[in-house]
Amino acid sequence: MTLAVILAPLLALCVVARGIGFLPALGVVTAVAMLVDHLAPLQEFGAACVVVFSVLPVWFVSRYQDDGAQERTGPAVPFLALGLMVILQLTTGVPAATAEAAGQHTGAAYLPAGLCVALAGLVAVTCRQAMVWQWAGLLACVDGVMLSGVIENQMMVVGVTALAGGVVAVLGGLCVHRVMLRAAVAPAKGGEAGGPKARSASFDLGEISPAGMETDVAHAAGPEPRGLRPDAVVGPRLRAEVEDREEEGGTPPGRTKTPAQPKPTQSQPSQTKTEGDAETPAETRPEGPGAEQDDLPVDGDEEDADCPVGETLPGKAAPASGTDAEADPAAPSPDAEPEHVVGTEPETSPEKLSPEEPSPEESSSEKSSAEGAPASRRTPEMIARDVWLKGYLSERGRDA
Amino acid sequence: MTIPVFLAALAFAWPLLGAAIVMAAPSPRSRETAIWMAGAGCALAVAVFLFPATGAEGWDDDPVQRAGRVMLAFGLLLTVMENGTLKDRLLRGLPHVSTALAGLACVTPDPIVGLGILEAALAYGVFVFSRPAGQARAGWALVRTGSVGIFLVLAGLLLPAASAPAGLMMACGLVMLAGLTPFGQPWREENDTYLFLPFAGAALLLSMRMRAHGGDAFDTALVAAGLASVWLTACAGRSGEGLRLFRTFPSALALIAVGARADVAALLFLCGWCLAGGNRSGRSWAARALACFPPGAPFVGCLLLLSMLSDWSWSVTVLTVAGILCAVVRAVPVEGFTQDLWPEDAAGRVACSVLVLTGFLVPLAMMLGAF
């Protein structure tokens, strides 16, 4: 029995307790446990599959925001997995001394490490509610069954597990792509690399670093948005919605508010409107999330409903706030925060709504055409975008 | 290559060929083409049952498995007869593909390979289902539950044969794969029937082949799960949830039959599942068949099951009979089963005919020594 075999169930417990972040470690340890025991094509194939199925999904999911907010299960889940492992060990495991005395097979099979890992994964799939967590549980199952199959030299089991792992990885990735929001990806200033590194190295996938947000602001006058593609319209809106919800419920550690964004919208609404109509179509979209929250589900389960959201490009997301931030360089005072909430979320927080706060122009820019926006200001692209957006949001509503 | 081997190979490839033709056909003619292809598949399955490829190495020779594939073929025929003209090509071909993969999963020499084929069928079906907007979560639920079932069975197969953990794990996995309420898949909507009917049928047929590895714990766990589902259906009443539970009533009885080693009874319940289960359970003729009313395959299967169960355990027999009676009494419509004795649609007539014929022919074949 190797140290890797002993470590694998512990890491599987960590996956159950903490999430997908421990999956690469589990995969590497499982692969080591396979290769240390014996070096043969079956072991090499199993180790390669395990590493691929453990590392690639984590890398893929790191490009998306966390959906752990909907997790409501208690802290007892890892203990359930541990209890099942102990039961499995008691019913199947044979003490080493007894086994050697009886002349039975020796080695790593005494501890059914692979099945313990698989059990932990099954517990995660069954008990956890977040989709990524369930995905991690299924991939842990793949690791465990693969390890057990390799230890037992069951070629068919290894092959079928590889197929099942591929199915789980691909379909899970597709589902993640459709139901989760992309993490903010912002090219850094001064030639610093952007991309997925823009987010924190921790596994709080929804993290938006302050540097990234500053970069967004700095790129306010940057490149034009790529066009009125659906993801260009909805991505920034959904991100703003998530941020506003966090502002309502307190900002969790790791999330950064965008203080410069709401203030100019209120202080200079006419400028925002004019520039938005003339230059960047992304600016002309309804700024606040309130307009879309009429249609969006509000509870946690439906927060990440089916949404093929494109990445939040700085050229699309930032221009409105960034341009206005430059136009109004005064730092946003803490007092301005509730005003922003009032001004931008008239539907979601009616108790905070005061009738004199939002100006008619601002409300007309936030609402869709049905709420009285001047027809002369609406370009055909805007009308097409609104029609598409209504249809899209109704699709989201259907996911409930 | 002898003719039976050629027939057997053609029977497995035929649904895939049918799927290709149906997907390639223009939409107005696709339904007619699908019916013809499924009908030919039924004829091939019957031919394979009558002329088994006994001499060929690697081909399955179990008559119950062959008869089960006949049921799957008739289930496909009924599905395509009930459907209207579908515009989505992938959805149009899905019942053919899933039936082909389910039949292939049942005939593989190693049940582990059959599980892999079932996973492939699940992946394809989920891919087709979850393509439209708003279906990603439902697709993920199907992948999750099906994969959990397959991993449970694989884990059980890796444990020592005939041990209690192995039997329990395999039984739990097969129960999930068979979609037994409340343990199984969250199947919903009629589109799931395209995948679910052959998938669950193949899981039932595979469970008969895994009995050797599972041991007594496997049998006991299957009977317990089936009893739990039967009693849950009996307690659910006439509400919508109760009728939804009634959809998998023949699956529960089939799993009890597998646990009681009554394979022919399980085959008859499988016939009821393929022809009257799933979303068809709301119709009067289907509800009557599912409720084991005579004449019909489930009724004969119920008699066979009770005769075998009485040898296995009297207490379980009493519990099963009481559960079946309670479920039937609660599932009977208020107006009774007197209406719609002979269905008006062609699909219903075919289903009723096959159910009645199977109910007569299977005991006859059993007496003649075919099973």
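Me: How is the crossing of α6(A) and α6(B) to be described, left-handed or right-handed?

Reply: In this predicted model, the crossing of α6(A) and α6(B) is left-handed.

Me: What else describes two packed helices?

Reply: Two packed helices are described by the angle between their axes and by the distance between the axes. Here, α6(A) packs with helix α6 of chain B, residues 136-158, at an angle of about 160 degrees, and the axes are 11 Å apart. Angles over 145 degrees count as roughly antiparallel; α6(A) and α6(B) are therefore roughly antiparallel to each other.

Me: Which residues of α6(A) meet residues in α6(B)?

Reply: From α6(A) come A:L115, A:A118, A:L122 and A:V125. In α6(B), these meet B:R144, B:V148, B:F151, B:L152, B:A155 and B:L158. By class, this contact of α6(A) with α6(B) has nine nonpolar residues, one charged residue and no polar residues.

Me: How many residues of chain A are in contact with chain B?

Reply: In chain A, 33 residues are in contact with 30 residues of chain B. Elements that give two or more residues to this side of chain A are α4 (77-92), α6 (113-127), α7 (131-151), α8 (155-179) and α18 (380-399). The most comes from α8(A), with 13 residues. The residues on this side of chain A divide into 19 nonpolar, eight polar and six charged.

Me: What is the average pLDDT of chain A?

Reply: The average for chain A is 63, and 43% of the residues score at least 70. Over residues 190-230 of chain A, the pLDDT is below 50. It also stays under 50 over residues 250-375 of chain A.

Definitions and conventions
Residues are numbered from 1 along each chain as its sequence is written. Chains are lettered from A and ligands numbered from 1 in the order in which they are written. This is a predicted model: local features need pLDDT of at least 70, side-chain atom pairs count only at pLDDT 80 or more; totals for chains, interfaces and linings use all residues. Two residues are in contact if their C-beta atoms, placed from the backbone, lie within 7 Å. Helices (H or I, at least four residues) and strands (E, at least two) are DSSP runs, numbered from the N terminus. Ala, Val, Leu, Ile, Met, Phe, Trp, Tyr, Cys and Pro count as nonpolar, Asp, Glu, Lys and Arg as charged, and the others, Gly among them, as polar. Axes are lines fitted to C-alpha atoms, for helices over the stretch in contact, and angles run from 0 to 180 degrees between N-to-C directions. Angles under 35 degrees count as roughly parallel, over 145 as roughly antiparallel, 65 to 115 as roughly perpendicular and the rest as oblique. A crossing is left-handed if the near helix is turned anticlockwise from the far one by less than a right angle, and right-handed if clockwise. pLDDT is the predictor's confidence in each residue, from 0 to 100.
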